[in-house]
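Thanks for making time this morning. I would like to walk you through one model, so please have the sequence and the structure open while I talk.

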Amino acid sequence: MMIIDLHSHIKLTKKTVFTIEYFRESIQEAKANGLDAIAMTEHFNTFHFHDIYEHLDQHYSYKADYYDVDGFKVFPGMEIDVKFGGHILVIGTRTSILELRSKLEPHTDAEHFVEFGQLLDWCDELSLLRIGAHPFRESNSLTQHDVAILKRLHAFDLNGKDLFTYGPGMRDTVMDLAQTIGIPMVAGSDTHHPLQFGSIMNHLDSDYDKVADISSCLQEGRYQIEISPCLETKVKSANLVKKLLKQAGKVAVQ
């Protein structure tokens with residue numbers, strides 16, 4: 001079995017400078033909460049995106065499709081804004097993620113976000129797992145997009161932050177959408193602070209080293225979602241600490 005969070009951030013905000021210390025703190029907290037792996041889906045237009053990979057390459061070995069952080073698996077990924085609203089999580093090899101990021105260079109600001117179909121075409125070319133993030137979040141819903149294009153996703157994200165914001169009924173709402181479209185629902189904490197790890201997790205049926213194998217596991221339903229009874233406390237605490245850190249000016253920003 002492998003327990004994985006498929007939507008996680010290892011920077012406090014988009015404007016925060018990446019530090020290996022904050023990354024290590026995040027991984028330690030993830031391990032303490034029972035996780036074996038995460039998909040590192042940092043925002044594609046975060047400040048100095050490539051710094052993340054330069055630092056990880058300096059400190060950790062890359063095996064199969066993941067960084068080995070003292071036995072903990074960190075799979076490369078991104079969270080990408082698409083034209084007309086919505087965020088898409090993509091997960092893949094380090095090479096494929098960096099290649100996609102290069103393609104997205106002209107699309108990093110809101111006026112030039114990539115067409116959804118174009119993004120999915122690139123994902124096909126690069127064999128990337130793609131998940132529709134927080135599909136019912138009011139600020140960036142996915143439900144305005146055509147069913148035909150939503151069917152090209154591999155799953156929808158049952159989002160820890162949205163479960164906190166909108167209540168436990170969000171699980172049924174996302175599940176209904178997933179069943180209508182015909183793709184799975186998977187779990188992602190959407191954490192930006194280590195305290196939020198463990199709020200929601202996927203229990204896969206085996207230990208996987210390759211993103212393609214994780215994708216097959218999800219497509220075939222060989223996993224279970226665990227929602228922590230402490231989800232509300234975890235998300236609320238993470239939000240509060242994030243707010244206090246920003247107010248205190250104790251984070252390095254652009």
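Predicted model: local features only at pLDDT ≥ 70, side-chain atom pairs only at ≥ 80, totals over all residues.

Let me begin with the core. The largest nonpolar core comprises 79 residues, and those with the most contacts inside it are F23, L100 and F156. The element that gives the most to this core is helix α4, spanning residues 116–126, which supplies 6 residues. If we look at F23 in particular, and leave aside residues up to four places away in sequence, its contacts are I10, F18, M40, L56, Y60, V69 and V74.

Next, T41, which sits in strand β2, residues 37–43. Is T41 buried or exposed? With a relative accessibility of 0%, T41 counts as buried, because the cut-off for that label is under 20%. Again not counting residues up to four places away in sequence, T41 touches L6, H7, S8 and H9, then G77, M78 and E79, and finally L89, V90 and I91.

That leaves the cysteines. How many disulfides does the structure hold? The count is 0. C123, for instance, takes part in no disulfide, and the nearest cysteine sulfur, which belongs to C217, lies 20 Å away.

Notes
Residues numbered from 1 in each chain as written. Heavy atoms only, no water. Core = buried A, V, L, I, M, F, W, Y, C linked by side-chain atoms within 4.5 Å. Buried < 20%, exposed > 50% of the residue type's maximum accessible area, 1.4 Å probe, protein only. Helix = DSSP H or I, 4+ residues; strand = E, 2+ residues; numbered from the N terminus. Contact = heavy atoms within 4.5 Å. Disulfide = S-S within 2.5 Å.
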